[in-house]
Amino acid sequence: MSAVLALGAGACGGDDGGSGGDTLNIGFMGDLTGPDSAIVIPPFNGAQLAIDQYNATNPKKKVKLIRYDTQGKENQAAALAPKAIKDDKIVAMIGPAFSGESKAANGILDKGKVPSITPSATNPDLSKAGHKFWHRLVATDQAQGTGIAEALIKAKSPKKAYVINGKKAYSIGIGDFAFQAFKAKGIDTQRDQIDETASDFSSTVTKVVAAKPDVIFYGGYYSEGGKLLKQLRDGGVTALFASGDGSLDAKLVEAAGAKQAENALLGCPCFIPFGEQTDPTLVKFVSDYKAKVNANPAIYSTEGYDAATAFIAAIKGGNETGEKINDFLKTYDTKGVSKQVKWGPEGELAETTIHLYQVQDGAIKWLGKSDEAKPKG
Amino acid sequence: MLNDFINQFWPSTVGGLTVGAIYALIALGYTMVYGVLRLINFAHSEIFMIGTVAALFTVTEIFTVTSPYTGFAMIGMLLLIMAVAMAASGGAAVLLEVVAYRPLRKKGASRLAALISAIGASFFLQELFALQVIPNLFDRPEGRNQVGVPRIVERDKLFEIFGATVRLDHVIVIIAAVVMMVLLDQFVNRTKVGRGIRATAQDPETAVLMGVNIDTIVRTTFLLGGAMAGVAAVLYVVEFELTVYNVGFVLGVKAFTAAVLGGIGNLRGALLGGFALGLIENWGAIFFGSEWKDVIAFTVLVVILMFRPTGILGESLQQARA
């Protein structure tokens, strides 16, 4: 990847002093080398792919993607944002990838009049800060927790539901939204919380066995989700198990075991083109991505690609300053590889979609949008 | 609420005894070293971690287990994995003593220095396994991720007790732990080396004057405590089927708590403390939810220490009699 970057920089004639001449700088901010980089490198690759494709057309203004590696740390994001604005004179920013670092950097970017599109930060509060240059390409945890719960209600018409979540902010948040969604439909719902650092969840299993739920929603990340799912199944719980984007990873299946993970339902505001695609745009995207990265598209790859594509469209239209690009985004309405890209006034997507995935025969498969998908089990 | 308690009491008891057995076995290592050296061996959690990695290595690299075993093949396999894990953990504990504690002891350093040395050894071992051992041994470049262990013991339901399902893996964990603890107790109380351990615990200087070789006694103590952690590691791998470089951290804290609860320095206290802690955690979770487990367990610990400052059984290794 660094080789590609170096080539790109060389071709532009060493314009390290920032945007200007025939090149504009766009930033990508997120955890590129830290503990959760597995969900940030795919959107980075998606963005880089879109920009390489654009530069290959020999446009008047080329685009250079600059990496800002926060390692997921909020103070890093707050320190890197001013550098990106002052030194590198970026005209747009993809990211920050996570919600915590977004809270730290969004205000700085907004003051610097740099439009930003995050491909993956899902905290509902981000759009409430009143920033005029901020956008996101995914639905919130609220839409996600509610959407998955409603899909479960539709698929299984449960009488009893059980919500389990971890102790991290994301885990509690999405658990709350799912819990409220079940309650709102008058479903008898109980709840328990697990400690992510522990390995013995037998007390939670005991509670679930006693409650005999028809469906289980777990809010949290894959490594604990896998352990929990294994212990639930070994404890004789057969209810349909569902979770959100934090658990949408093949490592969930590995940690739970293929047999125990079978039929686990995973929702995400992201679109991952697993398996064979029929839509020609997607077929091309998947093959281009594979050729460039030497891996299949993963979580938020399509969103990273669409974020870069939106900025490229603005630059193609002759918008070369942050403010002009931001104005252009207000009118942007295009079908991307991930979804229809169109923003409302707060920078939230005009229309949000939750996609459902399911573990079938030990692999994660895409089922479709949450209101249409028909899960097994 | 009361209804919940009645429904969940027996399943919680089974779960509490299973995890309590593992706490108790790890607690033995803390309690023995404390009894003999008055030292909290904070690197003991890493001795346990080394045992889980040795068990994983035996299962995946030496034998490539793909499906669970049954009958005598299963028992043989478990004994074999235990032998490897006990050797690895026991050996690591002896090496730890030689490298991290003996030089300090010989120079008459304070106990605080030994404690810092213990914490340093703990970090060193964690990072060594995350950065070198796990990536190289199992060909996993992301050494900090947890590694799954294939199933060795099938989750067969053996019987029901008041509506609680008791599975084969529960029975194996509890019985193996109790057997190991009885063996260790007999060893300390009936053999010549065991007498040496008790003598050193009671009064090291007099023990030396009576012809006890203190280095041998300390080495044996670490070896035995490490071997028990090795057994605990195998039982953990059988029950939870995973390991990770910091797997010992939370369990170590819990096991140390169990040792204090039962009476630190006391072998039978470690057994009692382990089971008590496992049961209190799981029973408390019925009332308050699983997120309150630790709060309940530590509240009970504080209350017990207020009334019995030396723990439930109180007496220490030196006074243990056959």
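Predicted model: local features only at pLDDT ≥ 70, side-chain atom pairs only at ≥ 80, totals over all residues.

Reader: Which strands are at the edges of the 5-strand sheet in chain A?

Author: Helices (H or I, at least four residues) and strands (E, at least two) are DSSP runs, numbered from the N terminus, and two strands pair if DSSP finds at least two bridges between them. Here the order is β2-β1-β3-β4-β5 in an open sheet with parallel pairing. Each edge strand has a single partner, so one side of it is left without a neighbour in the sheet: these are β2 (62–69) and β5 (134–136) of chain A.

Reader: At about what angle does α2 (41–55) of chain A run to β2(A)?

Author: Angles run from 0 to 180 degrees between N-to-C directions, with axes fitted to C-alpha atoms, for helices over the stretch in contact; contact means heavy atoms within 4.5 Å. Helix α2(A) lies across β1 (23–30), β2 and β3 of chain A. Its angle to β2(A) is about 160 degrees.

Reader: How many residues apart are Asp52(A) and Lys292(A)?

Author: These two form a salt bridge (a side-chain nitrogen of Lys or Arg within 4 Å of a carboxyl oxygen of Asp or Glu), with their closest N and O atoms 3.1 Å apart. Asp52(A) sits in helix α2 and Lys292(A) in helix α11 of chain A, so to speak two distant parts of the chain.

Reader: What is the strand order of the 7-strand sheet in chain A?

Author: This open sheet has mixed pairing. For example, β6 (160–165) and β8 (215–219) of chain A pair in the parallel sense over 5 bridges, whereas β13 (355–360) of chain A and β14(A) are antiparallel, with 6 bridges. The order is β7-β6-β8-β9-β10-β13-β14.

Reader: Which residue in the hairpin of β13(A) and β14(A) takes a positive phi?

Author: Most residues other than glycine have a negative phi, and most peptide bonds are trans. The hairpin has 2 residues between its strands. The positive phi, near 55 degrees, belongs to Asp361(A).

Reader: Where is Tyr300(A) found?

Author: Tyr300(A) also has a positive phi, near 65 degrees, in a residue other than glycine. Its place is the loop between α11 (280–293) and α12 (301–316) of chain A.

Reader: What sort of peptide bond joins Gly95(A) and Pro96(A)?

Author: Pro96(A) lies in the loop between β3 (92–94) and α4 (99–111) of chain A. Omega for the bond between Gly95(A) and Pro96(A) is about -10 degrees, and the bond is cis.

Reader: About how much area do chain A and chain B bury between them?

Author: Buried area is the accessible area (1.4 Å probe) that two parts lose on being put together, summed over both. The contact takes 23 residues from chain A and 25 from chain B. Of the area, 42% is on carbon and sulfur atoms, and the total is about 1900 Å².

Reader: How many salt bridges cross the interface of chain A and chain B?

Author: Side chains of opposite charge can pair when their charged atoms come close. One such salt bridge joins Arg151(B) and Asp234(A), at 2.5 Å from N to O. Across the interface, the count is 4.

Reader: Which element gives the most to the side of chain A that touches chain B?

Author: The elements giving two or more residues there are β7 (188–193), α7 (202–211), α8 (222–234) and α9 (250–256) of chain A. With 6 residues, the top contributor is α7(A).

Key: Residues numbered from 1 in each chain as written. Chains lettered and ligands numbered in written order. Heavy atoms only, no water.
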